[in-house]
Amino acid sequence: MRDKIREIEKSAIEEIALAADAGALEKARVKYLGRKGLITELFKNMGGVFPADRAEVGKLINSLKETVSKAFDDKTPGLSGGRDSKAQKIDITLPGIVREVGHLHPISKTIEEICGVFISLGFKIVEGPEIENEHYNFEALNIPLEHPSRDAFDTFYLADKWLLRSHTSPVQVRFMEKNKPPFAIVIPGKVYRPDATDASHSFMFHQVEGLAVSDNIKFSDLKGALTLFARQMFGEKIKMRFRPSFFPFTEPSAEVDISCILCSNELRSTIPALPAGRHDSRKCSLCGGKGWIEILGAGMVNPKVFKNVGYNPEKTTGFAFGMGVERIAILKYGITDIRMFFENDIRFLRQF
Ligand SMILES: [Zn+2]
């Protein structure tokens with residue numbers, strides 16, 4: 001057996017050395033290392049070796065296999081036409097391929113920033129489906145049949161009463177059905193409305209909604225949370241204004257404004273990149289001279305919504321708010337056209 005091993009090693013090394021091209025080398029590889037090759041056969045014949053010698057013979061065959069494999073590997077790059085011949089053609093003097101490192105889209109960045117503020121207040125992130133049914137998108141949220149948002153012109157209807165959600169509020173209902181208070185959640189996501197696209201409208205945009213539910217939540221809690229949010233996003237000196245409004249799913253409801261980040265003099269320091277001329281409140285392009293900008297809608301959850309999800313409306317209280325992410329990003333970064341977010345112009349995206 002030992003002689004045979006030595007013999008095979010000798011002939012294999014010779015044949016490898018003599019192989020003139022990749023074809024000959026491959027033939028030799030099959031002859032020695034193939035499934036029915038000579039070295040493979042040696043392993044199969046181990047049964048005929050005396051038990052006392054098996055360990056030693058096994059070692060010899062293993063080292064034979066290693067030696068021969070290495071001889072093949074050493075020889076391969078020197079031959080043309082083989083399977084590794086491509087390796088030979090690499091010109092190491094050519095400049096490398098630079099892989100550009102990407103970064104978050106301004107919308108993703110804004111969503112993370114908004115959610116980050118509420119996470120620091122103990123909110124958890126929850127997400128839900130973009131294809132909804134009328135129950136979750138409207139009925140459970142106390143939106144009556146005659147409400148204009150249920151019109152076919154104001155919602156993307158799919159077949160069989162399915163639709164593309166027009167707000168992220170259905171996720172509030174889905175979450176409340178499966179969880180008991182107390183809880184505080186934020187819901188980021190895409191929403192769809194068949195609006196004609198222009199500088200301030202898009203048929204798809206993003207929202208972040210918030211919902212906090214417990215047995216003793218007051219309007220002052222809502223004010224506190226939103227004031228903290230606005231200051232984190234737009235600067236410590238931001239002033240807040242709550243205007244009475246109406247939403248079917250909250251009562252009372254409010255539109256929430258912040259003091260204009262362009263023309264409010266004391267806030268100039270937070271937006272250093274803007275030209276000085278734009279800070280004149282009489283011709284402010286952002287607020288039209290009003291001094292206030294609407295940023296979101298909010299309110300105390302309507303007891304009917306609690307009843308719809310099986311909570312006791314007498315004992316449950318909560319606040320909810322919802323904002324457009326594009327609107328926040330436009331204000332924060334001084335962007336003039338919502339379409340820029342979705343055109344994927346690399347020159348625009350590189351600025352963030
Ligand atoms: Zn202004």
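Where is the place of P182? We come to that residue in the second view, after a few words on how to read these legends.

This is a predicted model, in which local features need pLDDT of at least 70 and side-chain atom pairs count only at pLDDT 80 or more, while totals for chains, interfaces and linings use all residues. Residues are numbered from 1 along each chain as its sequence is written, and side-chain values use heavy atoms, with hydrogens and water left out.

View 1. Let us start with helix α4, which runs over residues 54-75. Helices (H or I, at least four residues) and strands (E, at least two) are DSSP runs, numbered from the N terminus. With 22 residues, α4 reaches 31 Å from its first C-alpha to its last, close to the 32 Å expected at 1.5 Å a residue; the expected span is 1.5 Å times one less than the number of residues. Seven names to look for are V57, G58, I61, L64, V68, A71 and F72, which are buried in α4. They cover an arc of only 155 degrees around the axis, so they sit on the same side of α4. That arc is taken from the directions from the helix axis to the C-beta atoms. Here, buried means under 20% relative accessible area, exposed means over 50%, and partly exposed lies in between (1.4 Å probe, protein chains only). Turned away from the buried side is a face with the exposed residues A55, K59, E66, K70 and D74. The cover over the buried residues of α4 includes α1 (2-18), α2 (22-33) and α3 (38-44), where contact means heavy atoms within 4.5 Å.

**View 2. Two cis peptide bonds.** Most residues other than glycine have a negative phi, and most peptide bonds are trans. P181 and P182, however, are joined by a cis peptide bond with an omega of about 5 degrees. To answer the opening question, P182 is in the loop between α8 (169-178) and β4 (183-192). Another cis peptide bond joins E251 and P252, with omega at about -5 degrees. P252 has its place in strand β7, residues 250-259.

**View 3. Two asparagines with positive phi.** N142 is not a glycine, yet its phi is positive, at about 65 degrees. You can find N142 in the loop between α7 (134-137) and β3. N142 counts as partly exposed because its relative accessibility is 21%. N344, also not a glycine, has a positive phi of about 55 degrees. The loop between α11 (325-333) and α12 (346-349) holds N344, and at 54% relative accessibility N344 counts as exposed.

**View 4. Salt bridges.** Side chains of opposite charge can pair when their charged atoms come close. A salt bridge is a side-chain nitrogen of Lys or Arg within 4 Å of a carboxyl oxygen of Asp or Glu, and by this rule the count comes to 16. In one of them, R174 pairs with E132, and the closest N and O atoms are 2.7 Å apart. R174 lies in helix α8 and E132 in strand β2 (residues 131-133), so this pair ties together parts that are 42 residues apart in sequence. R174 is partly exposed at 23% relative accessibility, while E132 is buried at 0%. R150 forms a salt bridge with E139, with closest N and O atoms 2.9 Å apart. Both partners lie in the loop between α7 and β3, so the pair ties together parts 11 residues apart in sequence. A network of salt bridges links R241, R243, D257 and E294.

View 5. Is C287 buried or exposed? At 4% relative accessibility, C287 counts as buried. C287 is found in the loop between β7 and β8 (292-301). Leaving aside residues up to four places away in sequence, C287 touches C260, C263, W292 and I293. C287 and S259 are 28 residues apart in sequence, and their C-alpha atoms are 9.1 Å apart in space.

**View 6. A nonpolar patch on the surface.** Our last stop shows I131, L158 and W162, which form a nonpolar patch with about 270 Å² of accessible area together. Patches are made of residues with over 30% relative accessible area and no salt bridge, with like charges joined within 9 Å and nonpolar side chains (Val, Leu, Ile, Met, Phe, Trp, Tyr) within 5 Å. Accessible areas come from the Shrake-Rupley method with a 1.4 Å probe, and for residues only the protein chains shown count as cover. W162 lies in strand β3, residues 162-164, and is partly exposed at 39% relative accessibility.
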